[in-house]
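Let's take a friendly walk through this structure. Have a look around first, and then we will go through it step by step.

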Amino acid sequence: MSAPPAENSDGCVAFVGLGKIGYAIAKNVITKTPLVSDESCTSFIHFDISSAACDQLAEETKSQTAQSLAEAASRADILFTALPNDTILQSVSNDLVPNLRPGCVHVSCSTVSPDTSRRIAAAHAEKGAGFVCAPVFARPDGMALGHATIPVSGEEQYVQRVLPLLRATATEVRTGFGSDPGAANVVKLAGNFLIASAIESMGEAMAMSEGCGVDREAVRSLLTDTIFDCLIYKGYGQRVARRDHAPYPNAHFALDLGRKDVELVRKTAASVNVPMPVASLLSDRFSSAVARGRSDLDWSAVALASSEDAGVDVSKDIAHCRRPDPKIDWKPPT
């Protein structure tokens, strides 16, 4: 079921970062928010280092392309960013802040360290601008359909202003994590840690089953049809059981990004003296996968290590994952 149209009276909404997730967020918000000519109603502007992405969004929607970050910041009442890591988010924010108008709200949809969000929020506050953390749980294909789950944190006055727009691009927008701008990042890291843990556990379970002569796919089918009947186990269960870790367009999460998130989990846990032994194991699995040259695959490729540890030759599976123009030959769950 699609999200209802958002209602928002802020004058201009800007989008910075038009990668697959950022582009989908922008398009959903723009197309589901009423746009009329009256000056009190919403208008849209966007910016990305890719001129092709900017041109495409301008062609597909009524959003205008900004010529610079400074222009996007200076015109925005609400500004979304969707950027791949802490370094880029911090750099972009450093360029945005001097140009923000007082009262503007920056909505960060990136998966970054909680401390990064806190530092950026403090810089915004000095400028009289707001900062809301709203990282997204969604693959690009799900995001395009508005099938995202978004935890949100930040000062209540700013959160309330952006909720209608977030609801235009998600099936679940969850508040209740407080005013700490880093809190929603903690939620996102906890979720990604659990997904990575599920991938590793499924890899080990399938390796045990295979070692005992039981068909991997039959085991996966029973478990995900019954006691593990949920999106993560169904989707990644199929990948793990089939050893299918191909980087399907709009339907994968890069292994390098998965590694980045696991390291953020470990760093965040260490900052509050919380041991996470499974996170340490996952860190080793991702390091091993990168060392073996698998950064081009989906992050579920870390599960191959369980097969290899059991003496299984996975070279043919990896070659299949790297076939030209890969197409999914199984039905992903929705």
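How many nonpolar, polar and charged residues does the lining of the second largest pocket have? The lining has 10 nonpolar, three polar and three charged residues. Here Ala, Val, Leu, Ile, Met, Phe, Trp, Tyr, Cys and Pro count as nonpolar, Asp, Glu, Lys and Arg as charged, and the others, Gly among them, as polar.

Before we go on, a word on the model: it is predicted, with local features needing pLDDT of at least 70 and side-chain atom pairs counting only at pLDDT 80 or more, while totals for chains, interfaces and linings use all residues. Residues are numbered from 1 along each chain as its sequence is written, and side-chain values use heavy atoms, leaving out hydrogens and water.

Back to the second largest pocket, which holds about 260 Å³ of space. A pocket is an open set of points on a 1 Å grid over the protein atoms alone, where a 1.4 Å probe fits, with protein on both sides within 12 Å along at least five of seven lines; lining residues have an atom within 4 Å of a point. Its volume is the space filled by probe spheres set on the points, which are joined across faces, edges and corners. Of its 16 lining residues, Pro-114, Val-186, Val-265, Thr-268 and Ala-269 lie nearest the centre. Helix 5 (114-126), helix 8 and helix 11 each give two or more residues to this lining, and helix 11 gives the most, with five. Helices (H or I, at least four residues) and strands (E, at least two) are DSSP runs, numbered from the N terminus.

Now turn to the largest pocket, with about 1400 Å³ of space. It is lined by 50 residues, and the closest to its centre are Ile-21, Ala-138, Arg-139, Pro-140 and Phe-253. Helix 10 supplies the largest share of this lining, five residues. By class, the lining has 28 nonpolar, 14 polar and eight charged residues.

Next, find helix 4 and helix 5, whose axes come within 11 Å and cross at roughly 0 degrees. The axes are lines fitted to C-alpha atoms over the stretch in contact, with angles from 0 to 180 degrees between N-to-C directions. The two helices are therefore roughly parallel, a label for angles under 35 degrees. Asp-86, Leu-89, Gln-90 and Ser-93 of helix 4 meet Thr-116, Arg-119 and Ile-120 of helix 5, where contact means heavy atoms within 4.5 Å.

Finally, six strands form an open sheet in the order 3-2-1-4-5-6, with parallel pairing; strands pair if DSSP finds at least two bridges between them. Strand 3 (64-65) and strand 6 (130-133) are the edge strands.

Key: Parallel < 35°, antiparallel > 145°, perpendicular 65-115°, else oblique.
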